[in-house]
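I opened this notebook to keep track of what I looked up, one entry at a time. The sequence and the structure come first, and my notes follow.

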Amino acid sequence: MTDQATKHAKLTIEGVSDPIELPIYSGSVGPDVIDVGKLTSQGYFTYDPGFVSTASCDSEITYIDGDNGVLLHRGYPIEQLAEKSDYLELCYLLLNGELPNSEESAEFVDTIKHHTMVNEQLRSFFKGFSPNAHPMAILCGVVGALSAFYHDSTDIDNAEHRKITAHRLIAKMPTLAAMSYKHAQGQPFIYPRNDLGYAENFLHMMFATPCEDYQVSPTIAKAMDRIFLLHADHEQNASTSTVRLAGSTGANPFASIAAGIAALWGPSHGGANEAVLNMLDEIGSVDNIPEYIKKAKDKNDPFRIMGFGHRVYKNYDPRAKVMQQTCHEVLEELGVEDNPVLAMARELERIALEDEYFVEKRLYPNVDFYSGIILKAIGIPVEMFTVIFATGRTPGWIAHWNEMISGPYKIGRPRQLYKGYTTRDYPN
Ligand code: SDX
C-alpha cells in the first residue's frame with residue numbers, strides 16, 4: 001500500500017466551509033495519484049465510469065507511458081525484451097522481478113516442462129463441448145475446472161502454493177489451448193513433449209497427429225514465442241483488473257484466471273485480433289477501404305477499425321511495431337510476403353494514419369492489428385487467436401494476482417451514482 005504523501009490536494013466544495021485535504025502519492029515514474037479514500041466519510045464518491053482516470057492499486061510489474069509509446073516490464077523496454085529475451089525468461093521476470101541467471105533459468109524451464117501435462121480426467125471435460133464450441137468457451141471452462149484437481153495447493157496465503165500454481169498455469173495453458181483446437185478438429189489430443197521448447201511444444205500439440213512425425217519450423221516457433229512474449233502483461237487492463245477483482249474475494253487463482261479469460265474474450269479487448277481478420281475479410285479489397293474508413297468515422301455507425309485505438313496508447317503501441325516486423329519476417333520466411341491480407345492491412349494503416357479523424361483522436365494500430373495476420377499465416381485458425389492471447393497473458397495475470405495476494409489488500413467493491421427510484425411503498 002502506498003504510504004508517504006508527497007504533497008496534498010485541497011478540494012473545495014460549494015457550500016462546504018472547509019476544503020477537503022487529499023494526500024497525493026508519487027510512483028517511481030508516471031502520474032502522481034490523489035488518494036480519495038476519505039471522500040466517503042465526507043459524503044462523496046468519485047465518479048469515473050470505465051476507470052479512465054483511476055489507479056486501482058500499487059504495482060511494480062509493468063509501466064506504460066501511452067503518450068510516448070513506452071512499455072516496461074520490471075523496467076526493461078519491450079523492444080529490448082523482444083530482441084534479446086524469450087517468453088519463459090519474461091515469465092520468470094514478471095513473477096520474480098529480476099531476470100534469472102543461467103542456473104535459475106534452467107531450473108525454471110525444467111519446472112515448467114514438467115507441469116505441461118494435464119490430469120487425464122480433464123480430457124473427458126472436452127467430450128461435453130459441442131464440436132463447434134468456440135475454443136475460448138472451452139478455455140474458460142477447463143481453466144476454472146483446474147481448481148478441482150489441485151487440492152494440494154489451495155492456500156492462497158502460502159507463498160509456495162502460489163508459486164506452484166503460477167508454474168502449473170503457465171505450463172498447462174498451451175496444453176489446454178491445443179486441446180481446445182484438437183477438439184474442434186475432431187483429432188486426438190497430442191501430449192506435450194519435454195524435448196521441445198515452449199512455443200515449439202505448443203505448435204507441435206496443435207498440428208502434430210499420431211500418424212506421422214511433425215517438425216515445427218524454427219522460424220515459426222520463434223514467431224510464436226515472440227507473440228506470447230508481446231502479450232505477456234499490460235498493466236491494469238480489463239482482464240488483469242478482472243483477475244485482481246476476482247482474486248480480491250479470496251477466490252482460488254484458477255477461478256480468478258478463468259474470470260480474466262472471460263473478460264479478455266470481448267472484441268474491444270483480446271477478441272480484437274480475431275475481429276481484425278474478420279474485419280479485413282469483410283472489407284474484402286483495398287478499393288473498399290475508403291468506405292470503411294468513412295463508416296468508422298460515422299458516430300451513428302457502430303463499425304470501428306479493429307486493432308486501432310487504445311485506452312492508454314495515444315501513440316504507436318510499441319508491441320504493434322515489433323509485431324509488424326515479426327509479420328514481415330514470418331511472411332518472408334513462408335514465401336508469402338505478397339500476402340493480400342497483409343497488403344490490405346498495410347494500406348488500411350497508411351490511410352488511417354493520414355486521416356485527420358484518426359490523427360485528432362490519436363488512434364494508432366495496437367497489438368492486435370498485426371498479430372492476427374501472423375497467426376493466420378502460420379496456420380492458426382481465427383477462432384484460436386484470442387486463445388493464443390490468453391495463453392501469452394497468463395504470466396501477467398498470475399503475477400498481478402500474486403502481487404496483490406502477497407501484500408495487504410482489500411476486497412474490490414466500487415460504489416455508484418444511483419439514479420433510480422427513491423423509496424416508494426408497495427401498492428396495497
Ligand atoms: C487490447 O487495456 C489494454 O492494455 C488492452 C490491451 C492489453 O494488452 O491488455 O492492450 C489489449 O485490448 C488492445 C485494444 C484492442 N481493441 C480494439 O482494437 C478494438 C477497437 N478499438 C476500440 O474499440 C477502442 O479504441 C478501445 C476499446 C481499444 C479503447 O476505447 P476507449 O479508451 O474507451 O476510447 P473510446 O472508445 O472512447 O475512443 C475514443 C474516441 C471515440 O470517439 P469520440 O466518442 O471521442 O468521438 O475514438 C474513437 C471513439 O469512437 N475510436 C475509434 C476507434 N477506437 C476509438 N473510432 C474508430 N475506430 C476505432 N478503432
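**Entry: aspartate 301**

I began with the side chain of aspartate 301, which makes a polar contact with the side chain of lysine 295 at 2.9 Å. The model I am reading is a predicted one. I placed aspartate 301 in the loop between α12 (289–297) and α13 (318–333). Is aspartate 301 buried or exposed? Its relative accessibility is 18%, so it counts as buried; the cut-off for buried is under 20%.

**Entry: the ligand**

Then I looked up distances to oxygen atoms of the ligand. For arginine 311, a polar side-chain atom lies 2.7 Å from a ligand oxygen. For lysine 361, a polar side-chain atom lies 3.0 Å from an oxygen atom of the ligand. For asparagine 366, an N or O atom of the side chain is 3.0 Å from a ligand oxygen. I also noted the cover: the ligand taken alone exposes 1000 Å², and the protein buries 79% of that.

I found histidine 234 in the loop between α8 and α9 (238–247). With 4% relative accessibility, histidine 234 counts as buried. I also took the separation of the C-alpha atoms of histidine 234 and lysine 361: it is 22 Å, and the two residues are 127 residues apart along the chain.

Glutamate 235 is in the loop between α8 and α9 too. I noted its positive phi of about 65°, although glutamate 235 is not a glycine. Its relative accessible area is 26%, and I wrote it down as partly exposed.

**Entry: arginine 74**

Arginine 74 also has a positive phi, of about 50°, and is not a glycine. I located arginine 74 in the loop between β5 (70–73) and β6 (76–77). At 21% relative accessibility, arginine 74 counts as partly exposed.

**Entry: helix α2**

How many of the ten residues of α2 are buried? I counted eight of the ten, so α2 is largely enclosed by the rest of the structure. The buried ones are Tyr87, Leu88, Leu90, Cys91, Tyr92, Leu93, Leu94 and Leu95.

I checked both ends of the helix. Aspartate 86 caps the N-terminal end of α2, with a side-chain oxygen 3.3 Å from the backbone nitrogen of leucine 88. Just after α2, glycine 97 takes a positive phi of about 90°.

**Entry: aromatic rings**

I went through the rings next and came to 16 aromatic pairs. Tyrosine 87 and tyrosine 198 have ring centres 5.2 Å apart and planes at 45°, so I noted this pair as tilted. Why does this pair tie together parts that are apart in sequence? Tyrosine 87 lies in helix α2 (residues 87–96) and tyrosine 198 in helix α7 (residues 198–207), so the pair ties together parts that are 111 residues apart in sequence. Tyrosine 87 is buried at 0% relative accessibility, and tyrosine 198 is buried at 12%.

Tyrosine 87 also pairs with phenylalanine 228: the centres are 5.4 Å apart and the planes are at 40°, so this pair is tilted. Phenylalanine 228 belongs to helix α8 (residues 218–230) and tyrosine 87 to helix α2, so the parts tied together here are 141 residues apart in sequence. I recorded both tyrosine 87 and phenylalanine 228 as buried.

Elsewhere, ring pairs link Phe308, Tyr357, Phe358, Phe369 and Tyr370 into a cluster. I also noted a charge over a ring: the charged end of arginine 424 sits over the ring of tyrosine 421, 3.6 Å from its centre.

**Entry: isoleucine 20**

Isoleucine 20 counts as buried, at 5% relative accessibility. The C-alpha atoms of isoleucine 20 and glutamine 42 are separated by 8.4 Å, and the two are 22 residues apart along the chain.

Technical notes
Residues numbered from 1 in each chain as written. Predicted model: local features only at pLDDT ≥ 70, side-chain atom pairs only at ≥ 80, totals over all residues. Heavy atoms only, no water. Polar contact = N/O pair within 3.5 Å; in protein donor to acceptor, adjacent residues only side chain to side chain. Areas by Shrake-Rupley, 256 points an atom, 1.4 Å probe, with all protein chains shown as cover. Phe/Tyr/Trp six-rings, centres within 6.5 Å; stacked < 30°, edge-to-face > 60°. Helix = DSSP H or I, 4+ residues; strand = E, 2+ residues; numbered from the N terminus. Buried < 20%, exposed > 50% of the residue type's maximum accessible area, 1.4 Å probe, protein only. Lys NZ or Arg CZ within 6 Å of the ring centre and 35° of its normal.
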